[in-house]
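Q: I would like to learn how to read the architecture of a protein model. Please take me through it feature by feature.

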Amino acid sequence: MLVDAGIGPAGGEAAEWLGVSGRLPGLLGQVGVGVEDVDAVVLTHVHLDHVGWASDGVRVGFPRAEYVVQRDELEHVRGGVTYDQRIRPIEEAGQLRVVDGTAMVRGARLLPTPGHTPGHQSVVTERAILGGDVFVHAAQARRPEVTYVYERDPARAVTSRREVLALAATLGVPIAAAHPPAALSSTGDPVASAGTGEDVCPPYKL
Ligand SMILES: [Zn+2]
């Protein structure tokens, strides 16, 4: 199971926007996973930098996968350019699974965490909560009330951050958000990683 589908290839909209092209297929290949091996893709939300490899506008990027999106998110984006170029081919191929609220996918629990977008969702596993863009900066793990300028509903986003932090504390797992460079803890303290030590989340103090 894959959570989110990255920036996409060089020349794509997200790569142009962010000034960096995606590496997802190569990184999956490094751990022995081909695009045919992925049997589920959970989309936390439908923003350009999370659906870059979902489809190329014609073909589905992960041909054997079901793609899982919240109904509120689909209704929010349907008819727009990102829907047209990335999601419509998946829907037409019969590979889009639309869920309402909490659902299970491959043993992981989907948790609605709206605010960043109307149908944003997170993925709760035994080892981490994959939080998409509930946290776009590590500082928000310590100060969840800090909002992000592009949050669709800032007040709801704050509530979602508090809920994810509380759940992470209860479960004793870190939060893996899409943009912060390392995992976040429920207290905002650094989370040690198995890496070099340089990718430990710094303890932001505002
Ligand atoms: Zn994002």
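Q: Which domains does the domain assignment of the chain give?
A: Domain bounds are taken from an automatic or database domain assignment. Here that assignment gives domain 1 (1–100) and domain 2 (101–206). The C-alpha centres of domain 1 and domain 2 lie 20 Å apart. Please note that this is a predicted model, in which local features need pLDDT of at least 70 and side-chain atom pairs count only at pLDDT 80 or more, while totals for chains, interfaces and linings use all residues. Residues are numbered from 1 along each chain as its sequence is written.

Q: How many residues does each domain bring to the contact?
A: Two residues are in contact if their C-beta atoms, placed from the backbone, lie within 7 Å. By this criterion, 18 residues from domain 1 and 20 residues from domain 2 take part. On the side of domain 1 that touches domain 2, the elements giving two or more residues are strand S2 (40–42), strand S3 (66–70) and helix H3 (71–77). H3 gives the most to that side, with 5 residues. Helices (H or I, at least four residues) and strands (E, at least two) are DSSP runs, numbered from the N terminus.

Q: What is the strand order of the open sheet of 4 strands?
A: Strands of a sheet pair through backbone hydrogen bonds, either parallel or antiparallel. Two strands count as paired if DSSP finds at least two bridges between them. The order here is S1-S2-S3-S4, with parallel pairing. Strand S1 (2–3) and strand S4 (96–99) are the edge strands, each pairing on one side only. Between S3 and S4 there are 4 bridges in the parallel sense, and Val68 stands opposite Arg97 in S4.

Q: What is the order of the open sheet of 5 strands, and which strands are its edges?
A: This sheet has the order S5-S6-S7-S8-S9, with mixed pairing. Its edge strands are strand S5 (103–105) and strand S9 (175–177). Neighbouring strands of the sheet are turned by 30° against each other on average, direction ignored. For such angles, axes are lines fitted to C-alpha atoms, for helices over the stretch in contact, and angles run from 0 to 180 degrees between N-to-C directions.

Q: Which helix packs on this sheet?
A: Helix H6 (residues 154–171) does, touching S7, strand S8 (129–132) and S9. The direction of H6 makes about 165° with that of S8.

Q: In which sense, parallel or antiparallel, do S5 and S6 run?
A: S5 and S6 run antiparallel and are joined by 3 bridges. Val105 stands opposite Ala108 in S6. The hairpin of S5 and S6 has 2 residues between the strands, and Arg106 takes a positive phi near 50° there. Strand S6 (residues 108–112) also pairs with strand S7 (residues 121–124), in the antiparallel sense over 4 bridges; Leu110 stands opposite Val123 in S7.

Q: Why does the radius of gyration agree with a compact globule?
A: The radius of gyration is taken over C-alpha atoms, and the globule rule is 2.2 Å times the number of residues to the power 0.38. For 206 residues, a compact globule would have a radius of gyration near 17 Å, and the chain has 16 Å, which agrees. The C-alpha trace spans about 45 × 35 × 35 Å along its principal axes.
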